[in-house]
Amino acid sequence: QILLNIDKNFIRAVDHLELLRYVARTANQEAYNYLGFRNSCISTSAATIYVLQFLGYKASPLRVRADVDWGQLSVHRSVLGSDGDGKRLPRAKPGDWYGHLAVAVESRYLVDPTLDQATRYQGGVCIPPLVARASSAFLAGREPLELIHGNVTVRYKAFPQRGGFRNAGYFQQSQWMPYAENILKRIMGHFVRAEFVPRVLH
């Protein structure tokens, strides 16, 4: 059951995972509709943070490396991001950045709205966005996180001290705000009765 507090202009959910998963899926869809490509972790994560903060959550960007093990589906692994160990990489294209960006929420959850990027390295099975409980030790970069996500195993490492993504053009508000508003409208339409939407958004 979802509990709403309209007067404070944010949603509080008994089942936080349900709400976070809906936000991640919606952000993924709206980003793709607006941008037309999947490898949009910087702007999609920034938009997700904006939406979650609007809803009253503490959310922040988190640089991660995601290793996707396809099991019996493929002998190959898909890797998003890098270890961020300071090795000099080729200059990224304008607006881009070499890495993978996700979202830390309330020091308890990891939200990766663009994990489906891994699908472009392995055709056939599409990986949905990921939301999972995460330890404070993982979010602080002290231990890895391994979990089963559908038909694949994902191993994450977090690098909270590395923030090169902040200099990327796609992290700037002008790049993600147009579809962030669409994410909010869809969430309000899903969790809040239609007559409350204008009052919450405006």
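The structure is a predicted model, in which local features need a pLDDT of at least 70 and side-chain atom pairs count only at pLDDT 80 or more, while totals for chains, interfaces and linings use all residues. Residues are numbered from 1 along each chain as its sequence is written, and side-chain values use heavy atoms, with hydrogens and water left out.

The chain contains 5 helices and 9 strands, where helices (H or I, at least four residues) and strands (E, at least two) are DSSP runs numbered from the N terminus. Along the sequence these elements follow the pattern β-β-α-α-β-β-β-β-β-α-β-β-α-α. Of the 202 residues in the chain, 49% are buried; here buried means under 20% relative accessible area, exposed means over 50%, and partly exposed lies in between, with a 1.4 Å probe and protein chains only. The accessible surface of the chain comes to about 10,600 Å², and 47% of this area belongs to carbon and sulfur atoms; such areas come from the Shrake-Rupley method with a 1.4 Å probe, and for residues only the protein chains shown count as cover. Among the contacts in the chain with a separation of 6 or more, 66% are between residues 24 or more positions apart, a contact being defined by heavy atoms within 4.5 Å.

Confidence in the model is expressed by pLDDT, the predictor's confidence in each residue on a scale from 0 to 100. The mean pLDDT of the chain is 79, and 74% of its residues reach 70 or more. Among the elements, strand S6 has the highest mean pLDDT, at 97, whereas helix H5 (residues 197-201) has the lowest, at 37. Over residues 88-92 the pLDDT is below 50, and this stretch has 5 contacts in the model beyond near neighbours in sequence. The pLDDT also stays under 50 over residues 193-202, for which the model has 14 contacts beyond four places in sequence.

In soluble globular proteins, nonpolar side chains tend to be buried together. A nonpolar core is taken as a set of buried Ala, Val, Leu, Ile, Met, Phe, Trp, Tyr and Cys residues joined through side-chain atoms within 4.5 Å. The largest such core in this chain has 36 residues, and those with the most contacts inside it are Leu52, Val105 and Ile187. Two or more residues of this core come from each of helix H1 (16-35), helix H2 (41-54), strand S5 (100-105), strand S6 (109-112) and helix H4 (173-191), and H1 gives the most, with 9 residues. A second, separate core of 23 residues includes Ala104, Leu115, Leu139 and Tyr156.

Helix H1 has 20 residues and reaches 28 Å from its first C-alpha to its last, close to the 28 Å expected at 1.5 Å a residue; the expected span is 1.5 Å times one less than the number of residues. H1 is followed by glycine 36, whose phi is positive, near 85 degrees. Within H1 lies threonine 26, which counts as buried at 1% relative accessibility and touches Ile183 and Arg186, when residues up to four places away in sequence are not counted.

Threonine 48, in helix H2, is likewise buried, at 1% relative accessibility. Leaving aside neighbours within four places in sequence, threonine 48 is in contact with Val23, Ala27, Val103, Val111 and Pro113. In helix H4, tryptophan 176 is buried with a relative accessible area of 7%, and its contacts beyond four places in sequence include Ser43, Ala46 and Tyr50. Tryptophan 176 and alanine 46 are 130 residues apart in sequence, yet 7.1 Å apart in space, C-alpha to C-alpha.

Strand S3 (residues 59-69) is largely enclosed by the rest of the structure, because 9 of its 11 residues are buried. Strands are said to pair if DSSP finds at least two bridges between them. S3 pairs in the antiparallel sense with S5 over 6 bridges, and serine 60 stands opposite alanine 104 in S5. S3 also pairs in the antiparallel sense with strand S9 (residues 152-158) over 6 bridges, with alanine 66 opposite tyrosine 156 in S9. Strand S4 (residues 77-80) runs antiparallel to S3 and is joined to it by 4 bridges; in S4, arginine 77 is the bridge partner of aspartate 69.
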